[in-house]
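This report describes the packing in one protein chain.

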Amino acid sequence: GFFVKDEGGAHAGRSGEELTAGDRIQFAVKDDTDMGAMVLVGVDGKGVVTVYAAESVQGRVKGEEKTRLLPASVVLDGATGAERFFVVYGAEDVDTLRTEVEAAAERLASSGSDLSRTARLPLPDTHVQSSVHIVKIAPAPSGP
């Protein structure tokens, strides 16, 4: 999931939500898997792939399976259209998983798939993944 920080404050984001350039989002993940690494990647409406987080989750103690906020927030750019964020857990080390996830996101971006309907990256079923999408719209014109 994610939280949205905008001029009006902050709220829990929802899949399909319309957001504009300049809105800030902060991702929330739930490490309720025995996998050793997590990667968060986004694919925007222009086909640009961005890795937002890649970290080891190995050694987490039972009970730490609640949702946690990733420390960095992201300021949305001006690329309009559907954008999807994928969180992927894998047994690989962080660097290997990041490479695999980034390559899968690049394949998805170049495929022309509808990001509003594509819930998974093309990865083996051994990876645990989930996703959420937003729709970036152009900001309302200012002035009279």
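## Histidine 127

In this predicted model, histidine 127 touches Val88, Tyr89, Gly90, Glu92, Leu97, Glu100 and Arg120, leaving aside residues up to four places away in sequence. Histidine 127 sits in the loop between α1 (94-111) and β9. The side chain of histidine 127 also makes a polar contact, at 2.8 Å, with the side chain of glutamate 92.

Is histidine 127 buried or exposed? Its relative accessible area is 5%, and under 20% counts as buried, so histidine 127 is buried.

## Valine 88

Valine 88, one of the residues touched by histidine 127, belongs to strand β8. Valine 88 is buried, with a relative accessible area of 0%. Beyond four places in sequence, valine 88 touches Ala37, Met38, Val39, Leu97, Val101, Leu121, Leu123, His127, Val128 and Gln129.

Valine 88 and glycine 42 are separated by 46 residues in sequence and by 11 Å in space, C-alpha to C-alpha.

## Nonpolar cores

The largest nonpolar core has 19 residues, of which Phe2, Ile25, Phe27, Met38 and Leu40 touch the most other members. Two or more residues of this core come from each of β1 (2-6), β4 (24-30), β5 (37-43), β7 (67-75), β8 (81-90) and β9 (128-137). A second, separate core has 16 residues, including Phe86, Val101, Leu121 and Leu123.

Methionine 38 has contacts with Ala53, Ala54, Glu55, Val57, Arg68, Leu70, Val87, Val88, Tyr89 and Leu97, again not counting residues up to four places away in sequence.

Note on methods. Residues are numbered from 1 along each chain as its sequence is written. This is a predicted model: local features need pLDDT of at least 70, side-chain atom pairs count only at pLDDT 80 or more; totals for chains, interfaces and linings use all residues. Side-chain values use heavy atoms; hydrogens and water are left out. A nonpolar core is a set of buried Ala, Val, Leu, Ile, Met, Phe, Trp, Tyr and Cys residues joined through side-chain atoms within 4.5 Å. Buried means under 20% relative accessible area, exposed over 50%, partly exposed in between (1.4 Å probe, protein chains only). Helices (H or I, at least four residues) and strands (E, at least two) are DSSP runs, numbered from the N terminus. Contact means heavy atoms within 4.5 Å. A polar contact is a pair of N or O atoms within 3.5 Å; within protein, one must be able to donate a hydrogen and the other to accept it, and residues adjacent in sequence count only if both atoms are side-chain atoms.
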